[in-house]
Amino acid sequence: MNPPDDLEQRLRALAPAPVPGHLRRRLAGARHQVRVPAKPRHAPDGWLAAWRQWWWAPLSATALVAATLALRNIQPPASAPAAVRVFTAESADEFLLRAEPLELVWTESGQPFQLVRCTWIDRESYRAPVGDDRVQLYQARDEIVPVALRIF
Amino acid sequence: VHTNPDADVWQAWLDAHAARLLLYARQQTRTEADAEDVLQDALVESWERAAGQPPPLPLVFTTIRRRAIDLARGNDRRAAREQPDEPLAPWFDPDPAGHEAQQLLADAVKQLPEPQREVLTLKVWGGLTFQQIADATGTPANTVASRYRYALDALRQTFTQLFR
């Protein structure tokens with residue numbers, strides 16, 4: 001950068017107009033408009049500061065452990081025994097609901113098989129220990145059944 | 001809980017910088033009242049942003065510039081904006097020696113195009129670097145340097161005879 005020439009020196013010799021008195025007083029009072037969060041007056045260093053800030057932490061942890069242990073020793077009130085009727089299995093059977101031919105397959109020995117998808121309904125019957133009440137359980141079951149074919 | 005800046009620090013800072021900041025505020029506004037309002041608001045904002053410590057001057061100049069722009073955009077200031085551009089208060093301290101050349105130079109600064117005058121003011125009386133001016137005005141540093149050179153050339157051309 002070039003050294004300042006005569007013109008720059010003359011410019012710097014021009015002083016900005018002074019602040020008028022009324023504005024000086026106004027700006028001086030504006031200090032009270034500046035709101036800065038106050039800092040703590042004394043911040044001790046080291047372990048003492050940490051202790052003062054976190055003294056409650058070990059107490060809280062101890063209280064938490066004690067509360068946990070105390071709660072574990074409290075047994076929930078036993079519930080009243082409910083009336084339970086145990087049904088015993090009486091019979092079980094099944095019946096074919098659907099048979100769907102799928103495809104033909106041959107074994108290495110040349111025996112052909114027809115694969116059939118069979119849908120069965122399993123039925124289980126349960127009987128109450130007292131009285132004639134019965135419960136029947138139905139459940140669908142798929143099964144691929146190979147049906148040997150005879151070659152004429 | 002809030003606190004205020006230290007009174008002595010605040011006053012010393014004002015004594016050191018208020019005049020140059022007012023000069024810039026006057027150039028960025030159209031009336032003396034607007035300049036005073038902008039200056040006060042910018043000072044308060046800058047000190048708050050500096051956490052109650054003396055703020056860096058580039059921050060203050062930037063804040064003055066932004067607040068002046070906001071003020072000019074305000075609808076309630078439309079009437080004020082329509083007033084003549086000539087400020088009511090002088091920008092520079094009258095030369096105690098009564099040198100005519102200095103007074104003419106001060107008048108010539110006022111006649112510079114605003115972008116050149118702004119760079120000149122921030123550089124000469126604000127004490128900012130070209131990069132700081134670039135940051136404050138959102139202008140590339142090369143452009144800032146060019147504007148400064150153009151301003152000096154214009155002033156030098158005007159006063160060739162006086163400064164020879």
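Helices, as counted here, are DSSP runs of at least four residues in state H or I, and strands are runs of at least two residues in state E. In the predicted model, chain B contains nine helices and one strand. The order of these elements along the sequence of chain B is β-α-α-α-α-α-α-α-α-α.

Chain B has 164 residues, and 48% of them are classed as buried. Its accessible surface amounts to about 8300 Å², with 49% of this area on carbon and sulfur atoms. When the contacts of chain B between residues at least 6 apart in sequence are considered, 64% connect residues at least 24 apart.

The two chains, A and B, share an interface in which 31 residues of chain A contact 46 residues of chain B. The size of an interface is often given as the accessible area lost when the parts come together. For chain A and chain B this buried area is about 3600 Å², and carbon and sulfur atoms account for 61% of it.

Three salt bridges are found across the interface of chain A and chain B. One of them links the side chains of A:R24 and B:D15, with an N to O distance of 2.9 Å. Polar contacts join 18 residue pairs between chain A and chain B, counting pairs with both residues at pLDDT 80 or more.

On the side of chain A that touches chain B, at least two residues come from each of α1 (6–13), α2 (21–29) and β1 (36–37) of chain A. The largest share, seven residues, is supplied by α1(A). By class, this side of chain A comprises 19 nonpolar, three polar and nine charged residues.

How values were computed. Residues are numbered from 1 along each chain as its sequence is written. Chains are lettered from A and ligands numbered from 1 in the order in which they are written. This is a predicted model: local features need pLDDT of at least 70, side-chain atom pairs count only at pLDDT 80 or more; totals for chains, interfaces and linings use all residues. Side-chain values use heavy atoms; hydrogens and water are left out. Buried means under 20% relative accessible area, exposed over 50%, partly exposed in between (1.4 Å probe, protein chains only). Contact means heavy atoms within 4.5 Å. Accessible areas come from the Shrake-Rupley method with a 1.4 Å probe; for residues, only the protein chains shown count as cover. Buried area is the accessible area (1.4 Å probe) that two parts lose on being put together, summed over both. A salt bridge is a side-chain nitrogen of Lys or Arg within 4 Å of a carboxyl oxygen of Asp or Glu. A polar contact is a pair of N or O atoms within 3.5 Å; within protein, one must be able to donate a hydrogen and the other to accept it, and residues adjacent in sequence count only if both atoms are side-chain atoms. Ala, Val, Leu, Ile, Met, Phe, Trp, Tyr, Cys and Pro count as nonpolar, Asp, Glu, Lys and Arg as charged, and the others, Gly among them, as polar.
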